[in-house]
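Please keep the sequence and the structure in view while reading.

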Amino acid sequence: YVGGGCAQSLNSQDEECEDVEGGPSSLDDAKIGCMDKDGNELYSKDDVSVGEVISFQTSDVDVVICKISDEEGKLKQTVGINTSDEGELVLQDMFGSLKLKSCDELSCLIPLTFTYTMNNIGSNTMDITEFSRTNDAVTPGTVSFLDGISDKTLDVGESTSAEEEDLYDICEASEKEVSETITLQGKADPPEGKPCEDETAYVLEPPKKSKECRVRVDVTCEDEEGTDCDKIEMPELQCSDGDEINVVSFKYTGLGCLASANTQDSDECEDFNGG
């Protein structure tokens, strides 16, 4: 969920996206409910934050309809997504305030596990005074692992570790060409001798941006009043029933009088030289 209005939609589908009163906020939490065309619920949550990932099953579902409301429950957006084999879905496609991140086995979201290790490579026993990491691409930017270490004293040759899981958006990193730098810092104080410290940085480079070519062509049609062509109604065929007519238009067909077909009998049609 990225928030924002239908104007940011970017996909090759024909499903509708409609904003209400400006559409969803790109900062505030939202209430999201998704269902199929028959109204069967697929997903519902009242406090979806911007950047949060929502998932739901789409087996035997042709079109998913999601309604996004603000924190007070006021409808802000309705968006349709075709999940059948007739609708093209491409990772990173935008459907209003929703950005496609995975479909079946294809996914932009890669679960990562970072393991942070602190080793006593000196000649004295030491007490750990700091064991933390900073990451310039996530929030919070700094995390301390000190409270999670039960025994903060390391003998010579001993080590301690901490693990951290992250859901890495590889598509976003590639698209924006942004690297992620994780810096680990450790400090220790031996009972005898001077304190020591070390710092190391791990840089997670983004993959090369995909050079995939995608194009979408559309045809629209409307009459002079702005009505879609497929919604234009057939006019009544009876022009008048005794009333005076001011302007008429005829299409020249080039046919003879035998092709005449009308309800009049007072006016003649006469062909010359075969018509």
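## Salt bridges

The count comes to ten salt bridges. The model is a predicted one. Side chains of opposite charge can pair when their charged atoms come close.

Lys74 and Glu72 form a salt bridge, with 3.8 Å between the closest N and O atoms. That falls inside the cut-off, because a salt bridge requires the nitrogen to lie within 4 Å of a carboxyl oxygen. Lys74 is partly exposed, at 47% relative accessible area. Glu72 counts as exposed, at 64%.

## Glu172 and its partners

Glu172 sits in helix 1, which spans residues 170–176. Its side chain meets that of Lys101 in a salt bridge, 2.8 Å from N to O. The pair links distant parts of the chain, 71 residues apart. Lys101 belongs to the loop between strand 7 (98–99) and strand 8 (102–103).

Are the two partners buried or exposed? Glu172 has a relative accessible area of 18%, so it counts as buried. Lys101 is buried as well, at 13%. The cut-off matters for Glu172, because buried means under 20% relative accessible area.

Beyond its neighbours up to four places away in sequence, Glu172 touches Gln92, Lys99 and Lys101.

Glu164 and Arg133 join their side chains in a salt bridge of 2.7 Å, N to O. Glu164 lies in strand 14 (residues 159–169) and Arg133 in strand 11 (residues 126–135), so this pair ties together parts 31 residues apart in sequence. Both Glu164 and Arg133 are buried.

## Glu180, buried without a salt bridge

Glu180 is placed in strand 15 (residues 180–189). This residue is buried, yet it has no salt bridge. What is the nearest side chain of opposite charge? It is Arg133, 7.6 Å away. A salt bridge is ruled out there, because the pair would have to come within 4 Å. Arg133 does have a salt bridge with Glu164.

Glu180 makes a polar contact instead: its side chain meets the side chain of Asn135 at 2.9 Å. Leaving out residues up to four places away in sequence, Glu180 touches a set of residues that includes Phe114, Asn135, Asp136, Ala137 and Val138. Asp166, Tyr168, Tyr202, Val203 and Leu204 are also among its contacts.

Strands of a sheet pair through backbone hydrogen bonds, either parallel or antiparallel. Here an open sheet of five strands shows antiparallel pairing, in the order 1-5-4-2-3. Its edges are strand 1 (17–19) and strand 3 (41–48), each pairing on one side only. Neighbouring strands of the sheet are turned against each other by 10° on average, direction ignored.

Strand 2 covers residues 30–36. How many bridges does strand 2 make with strand 3? The two pair in the antiparallel sense over five bridges. Across from Cys34 stands Tyr43 of strand 3.

Methods
Residues are numbered from 1 along each chain as its sequence is written. This is a predicted model: local features need pLDDT of at least 70, side-chain atom pairs count only at pLDDT 80 or more; totals for chains, interfaces and linings use all residues. Side-chain values use heavy atoms; hydrogens and water are left out. Two strands pair if DSSP finds at least two bridges between them. Helices (H or I, at least four residues) and strands (E, at least two) are DSSP runs, numbered from the N terminus. Axes are lines fitted to C-alpha atoms, for helices over the stretch in contact, and angles run from 0 to 180 degrees between N-to-C directions. Buried means under 20% relative accessible area, exposed over 50%, partly exposed in between (1.4 Å probe, protein chains only). Lys and Arg count as positive and Asp and Glu as negative; His and the chain ends are not counted. A polar contact is a pair of N or O atoms within 3.5 Å; within protein, one must be able to donate a hydrogen and the other to accept it, and residues adjacent in sequence count only if both atoms are side-chain atoms. Contact means heavy atoms within 4.5 Å.
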